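Let's take a walk through this chain together, beginning with the overall fold and ending at single side chains. Have your viewer ready.

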Amino acid sequence: MDGRHSIELALPGASIGAVAGAMAGGLTLFAGVPTGMAALSALALAVPLALFGGLFGVLLGHGVLLPGTFGPAGLYWMAAFPLSRLLQESLTGIGMTDGVLGFLVYQAMVALGFAIGFVWLHERLMPYWLLRRAGANPRAKLLLGSYVRHAEALRGRKGAKR
């Protein structure tokens, strides 16, 4: 049963990763890449980003990552995003001209921008998903409680400033 509960926690992040990867891969069409290669590029990025996005949700559900904290999420994506891009480039071979190390360093820098967008979107979608799943999934209920405590702490800080 715990496996199903973890998969349910993974769905929002996996969805965000898959859509982001497909969109970014699809942008290769604007660079003049043939349609078949653009489709391969989109798939080659969407799959690992979906897996890492899903793992992000599972790590939240197991208490390894906490809602509302960007530092650990940024570090997570500084590793996960370059690995995803390396897999994509290994399959398509479109853009790695400066060697692997330079490529990975550049992708780690880009990853922080990706992490900001991912975390922002994830924190807007995940609570609604948790509300739907909290009755049948104890991990979702615990994580929803964590989101509620975080929101209450933010509200308390905002109220104290007035």
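This is a predicted model: local features need pLDDT of at least 70, side-chain atom pairs count only at pLDDT 80 or more; totals for chains, interfaces and linings use all residues.

The chain has five helices and zero strands, so its elements read α-α-α-α-α from the N terminus on, since helices and strands are taken from DSSP runs. Along the principal axes, the C-alpha trace spans about 50 × 40 × 25 Å. Of the 162 residues, 38% count as buried. Among contacts between residues at least 6 apart in sequence, 71% join residues at least 24 apart.

Now turn to the outside. The accessible surface comes to about 9,100 Å², and 71% of it belongs to carbon and sulfur atoms. The chain carries 13 positive and 6 negative charges, whose mean positions are 13 Å apart.

On that surface, Phe 70, Leu 75, Met 78, Leu 112 and Ile 116 form a nonpolar patch with about 450 Å² of accessible area together. Helix 3 (70-92) and helix 4 (100-133) each give two or more residues to the patch, with helix 3 giving the most, three residues. Leu 112 lies in helix 4; because its relative accessibility is 34%, Leu 112 counts as partly exposed.

For a contrasting view, find Phe 81, also in helix 3. Phe 81 counts as buried because its relative accessible area is 8%, under the 20% cut-off. Leaving aside residues up to four places away in sequence, Phe 81 touches Leu 49, Gln 107, Val 110, Ala 111 and Phe 114. Leu 59 is 22 residues from Phe 81 in sequence, and their C-alpha atoms are 16 Å apart in space.

How values were computed
Residues are numbered from 1 along each chain as its sequence is written. Side-chain values use heavy atoms; hydrogens and water are left out. Patches are made of residues with over 30% relative accessible area and no salt bridge: like charges are joined within 9 Å, nonpolar side chains (Val, Leu, Ile, Met, Phe, Trp, Tyr) within 5 Å. Accessible areas come from the Shrake-Rupley method with a 1.4 Å probe; for residues, only the protein chains shown count as cover. A salt bridge is a side-chain nitrogen of Lys or Arg within 4 Å of a carboxyl oxygen of Asp or Glu. Helices (H or I, at least four residues) and strands (E, at least two) are DSSP runs, numbered from the N terminus. Buried means under 20% relative accessible area, exposed over 50%, partly exposed in between (1.4 Å probe, protein chains only). Contact means heavy atoms within 4.5 Å. Lys and Arg count as positive and Asp and Glu as negative; His and the chain ends are not counted. The place of a charge is taken as NZ of Lys, CZ of Arg, CG of Asp or CD of Glu.
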